[in-house]
Amino acid sequence: MGVFHLAWFLNGYSVSHWHGSYAGINKSEWARPDLYVDLTQSLERAGFDALFIEDTAMIEDTYGSSMETTLKYGIMAPKNDPMPLVPLLSYQSRHIGIISTVSTIQYHPFLAARLGATLDHLTEGRFGFNVVTSVSHRVAQNFGYDAHLAHAERYAMAQEWMDAVTALWESWEPDALVLDEEAPLFADHTKVHPVHFEGKYFKTRGPLSTVPGPQRRPVIAQAGSSGPGRDLAARHADMMLALANTPEGMKEVRADMHRRLRSYGRDPGQFKILFMCQVYLGEDDEDARAGHAREEAVRTSPEGLIRQLWTMSYASGGEVDYAQYDLDAPVPSILGNGETTTMKALLADAGTRTLRDMLSGPNKYGYDFIGSSDSVAAQMGELMAEVGGDGYLIFGSTRRTKIAEIADGLAPALRRRGLIRDGYDRGTFRENLLAF
Ligand SMILES: Cc1cc2nc3c(=O)[nH]c(=O)nc-3n(C[C@H](O)[C@H](O)[C@H](O)COP(=O)(O)O)c2cc1C
């Protein structure tokens, strides 16, 4: 098996793990840069390709029709804007890519294209956008909509958004900058073009008012796994963050994505799929299993069940309040209007099991690896060999103990087996991503 890629999922520039063991001073310091700088440097030491920063701009109140649970536990809120964090992180690191989330309902294409170019300059070619359509009504309402657009329509809008942003990044020809001090000629105006983009949702004249950054186009990531989500990725993205819980599911995503990429005339080798996973490490396998059991006990405790029900309410796009159901009866299988792939996974056995049984069953947010560093490294290698590539998105934590376990325990074990990169020899994020 060859080398695979690693990225870290940071659940937003947000408060999390602010209580419980090893919470450190997260509750008061989450908004300061230090934790994220330390995280970035740890991941770079470990050989990660990227830090991925999730974002959503709302305080959820679907669960129990109230913000109470959200604010009581600090779930996905409060959350700062991740964009200004990006150059702070890149300035304190040298190689790792930084991906920040941009929503197609929050950013006009011109604003996004200019921001993306600016961040690509500031990171010296290490920036990526995670392009999302936003999940819930509350986000849409914060940006002027009465309710969120239907799933299919918002993906149609996202396709158009990507076309407009791409046109702006391409509005400067590669050799438009002349920089001739004698002439003088800074830029050749015949090589900078208005785009006159006019679609159903967006209109922009162009050209982009700044020079594209070192990558010309930041790395584009996409995380929806429904048909329209996959199509958006196949047309525009460099990488996909995919949710699949079995080797068969992962193989299906790869085969389907490669088919879609080819149908758009793209080379599947130029596209990377990272599968979401969670890692539970210990001194040895038994210790790891005990640690996993402790975390599972928390996940299925009364507070844990509330958090899971909260998450389902959010992932339904704010369509279903899971506080309304009897835990000891089955629930209807309603995919809603949010994260349809996530809901499909969460509701897989909705018809046959009670809600409590479903929530107490195995975690459905990707693949679980449990064991000592060395045995998880072996498991990760075996699964990747079976699936065929391209890597993992580790659902991370802001608990420093977890960060150290992965950066200083698992990563060296992976490296000893030749499964992850041994340093970085390329320049930009995209070059590193496509190096193998
Ligand atoms: C790993 C992962 C990360 C995601 N990150 C974000 C995010 O930061 N912000 C957001 O609004 N949606 C996020 N989403 C939601 C997706 O972008 C997508 O809108 C959602 O999963 C619905 O897509 P689907 O129905 O095509 O699966 C994420 C989903 C996954 C699986």
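Student: Is R430 buried or exposed?
Tutor: Start with the relative accessibility of R430, which is 15%. Buried means under 20% relative accessible area, exposed means over 50%, and partly exposed lies in between, using a 1.4 Å probe and protein chains only. Because of its 15%, R430 counts as buried.

Student: What kind of model is this?
Tutor: Residues are numbered from 1 along each chain as its sequence is written, and side-chain values use heavy atoms, with hydrogens and water left out. Local features need pLDDT of at least 70, side-chain atom pairs count only at pLDDT 80 or more, and totals for chains, interfaces and linings use all residues, since this model is predicted.

Student: Which side chain meets R430 in a salt bridge?
Tutor: A salt bridge is a side-chain nitrogen of Lys or Arg within 4 Å of a carboxyl oxygen of Asp or Glu. In general, side chains of opposite charge can pair when their charged atoms come close. For R430, the N to O distance is 3.1 Å, and the partner is D238.

Student: How many residues apart are R430 and D238?
Tutor: Helices (H or I, at least four residues) and strands (E, at least two) are DSSP runs, numbered from the N terminus. R430 sits in helix α16 (residues 429-433), whereas D238 is in the loop between α8 (227-236) and β12 (239-242). The pair links distant parts of the chain, and the separation is 192 residues.

Student: Is D238 buried or exposed?
Tutor: The relative accessible area of D238 is 7%. With that value, D238 is buried.

Student: R356 and D328 also meet in a salt bridge; how many residues apart in sequence are the parts that this pair ties together?
Tutor: The salt bridge between R356 and D328 has an N to O distance of 2.8 Å. R356 lies in helix α13 (residues 355-360) and D328 in the loop between α11 (302-315) and α12, so the parts tied together are separated in sequence by 28 residues.

Student: What is the relative accessibility of D328?
Tutor: R356 counts as partly exposed at 32% relative accessibility. D328 also counts as partly exposed, and its relative accessibility is 47%.

Student: K364 forms a salt bridge too; how far apart are the closest N and O atoms?
Tutor: The partner of K364 is D349, and both residues are buried. Their closest N and O atoms are separated by 3.9 Å.

Student: How many residues apart are K364 and D349?
Tutor: K364 is in the loop between α13 and β14 (367-372), while D349 is in the loop between α12 and α13. This pair, too, links distant parts of the chain, with a separation of 15 residues.

Student: How many salt bridges does a search of the whole structure find?
Tutor: Some salt bridges share partners, joining R230, D231, E252, D256, R259 and R260 into one network. For the whole structure, the search finds 26.

Student: Let's turn to the ligand. Which residue has a side-chain N or O atom 2.4 Å from an oxygen atom of the ligand?
Tutor: A polar contact is a pair of N or O atoms within 3.5 Å; within protein, one must be able to donate a hydrogen and the other to accept it, and residues adjacent in sequence count only if both atoms are side-chain atoms. A backbone N or O atom of D55 lies 2.8 Å from a nitrogen atom of the ligand, and a polar side-chain atom of Y155 lies 2.8 Å from an oxygen atom of the ligand. At 2.4 Å from a ligand oxygen, the side-chain atom belongs to S226.

Student: How much of the ligand's accessible area does the protein cover?
Tutor: Accessible areas come from the Shrake-Rupley method with a 1.4 Å probe; for residues, only the protein chains shown count as cover. On its own, the ligand has 620 Å² of accessible area, and the share that the protein covers is 96%.

Student: How many polar residues does the shell around the ligand have?
Tutor: Ala, Val, Leu, Ile, Met, Phe, Trp, Tyr, Cys and Pro count as nonpolar, Asp, Glu, Lys and Arg as charged, and the others, Gly among them, as polar. The shell has eight nonpolar and three charged residues, and the number of polar ones is 12.

Student: Which residue is joined to A77 by a cis peptide bond?
Tutor: The omega of this bond is about 0 degrees.
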